[in-house]
Amino acid sequence: MTSRNLNARERQVLGIIIQSYVVTAAPVGSRYIARNYKLGFSDATIRNVMAELEDAGYISQPHTSAGRIPTDQGYRYYVDLIMTVQSLDEQEKQRIDANIGQFGIERKGASADVLLSAAKVLGSISRNLSVVLSPTLSNAIFEKLDMVLLSSTRMMVILSIQSLFVKTIVMELDLEVSRQTVDEVVDVINERLAGLTLAEIRRSIAKRLYDCDCDAALKNLVVRSAGTLFDESPIFERLYISGTEYIVDQPEFKQPEKVRDLITMIEDKFSMAKLVENNGPLVEVIRPSGIDISISIGKENSERQAEELTIVSTPYYIGNMVGKIGIFGPKRMDYEHAVRVINYMADSLSAKLSDVN
């Protein structure tokens, strides 16, 4: 069974089968197509076209039905060569804007609220599982650092990074320091490191603080800890998930074992984050920003638990930082709508978090 290009009639029938299956979750037969679509050719011709599509691997026949359902190959052909994507409707745009726009510049550290809100509205509008992966921070601009003494042996370090992002780390101390000593070190760090990227700070902090006139012991502790303080957060800590209630309500997940596999996948945040971060292949759906959207279908996904799913994802940008958003749903998802939603959400997130700089 080899993949081949389809003629206009085959493309038309495949598109109808997929669009009907998305709505009904029921196998589609030639009689249904002939009765509901004015194609200009007979039921027998439709049956022949469906037989050709099945032989070519684009549709298959469930054992208990005379109708056909799309295969992974059929969905792939559809998203690559058949579907057309319009702009999102105004009501859905307003829902996204209202949720993303409620967080202001005065709320430093509100990035988590923005991203969680984005995941919730994305799940609600798409009626699927939604994920938002916060940006990698190596290219983020460091704004300032503060240190809060929690006890004689513990200190909380708070890094303010561009666009509402804050990173907090609790450090164990093997020395005693005063508040005045802490303030002096903080002032030097902020003076010499502000405006650099975190990657630049990791590479050059020892050199930049070498001759500073502040407490050597605390300064050296910060330098030794730079790989932790100014490094990326673990990928699973960057993940925001919502919409589980929508995906488990889909017909594909009525069997207990499929629900169990789905929940197991969702609980493995590391794997979930990797799925959306490494999602592909690209589909030629160009956003206004010029960025392609990635759609992976079924066994194109790297995790076994995702072999019955489609993942639609795209990056969003805040200066030099890159995050990702994604929709996880059954292969029978409404692809055009998923692309419209994720397209608008990514551009809205990019604009909102870039505007606060």
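Residues are numbered from 1 along each chain as its sequence is written, and side-chain values use heavy atoms, with hydrogens and water left out. Because the model is predicted, local features need pLDDT of at least 70 and side-chain atom pairs count only at pLDDT 80 or more, whereas totals for chains, interfaces and linings use all residues.

The whole structure holds 3 aromatic pairs (Phe, Tyr or Trp rings, the last by its six-membered ring, with centres within 6.5 Å; planes under 30 degrees apart are stacked, over 60 edge-to-face, the rest tilted). One of them joins tyrosine 58 and tyrosine 77 edge-to-face, at 5.3 Å centre to centre and 75 degrees between the planes. Tyrosine 58 lies in the loop between helix 3 (43-55) and strand 1 (59-60), and tyrosine 77, 19 residues apart from it, in helix 4 (residues 72-82) (helices, H or I of at least four residues, and strands, E of at least two, are DSSP runs numbered from the N terminus).

The rings of tyrosine 75 and tyrosine 335 form a tilted pair, because their planes stand at 40 degrees, with centres 5.7 Å apart. Tyrosine 75 and tyrosine 335 are both buried.

In strand 3 (residues 129-133), 5 of the 5 residues are buried, so the strand is largely enclosed by the rest of the structure. Strand 3 runs antiparallel to strand 11 (residues 321-330), to which 5 bridges join it (pairing requires at least two DSSP bridges); here valine 132 stands opposite isoleucine 325. Strand 3 also pairs with strand 7 (residues 239-242) in the antiparallel sense over 4 bridges, with leucine 133 opposite leucine 239.

How values were computed: Buried < 20%, exposed > 50% of the residue type's maximum accessible area, 1.4 Å probe, protein only.
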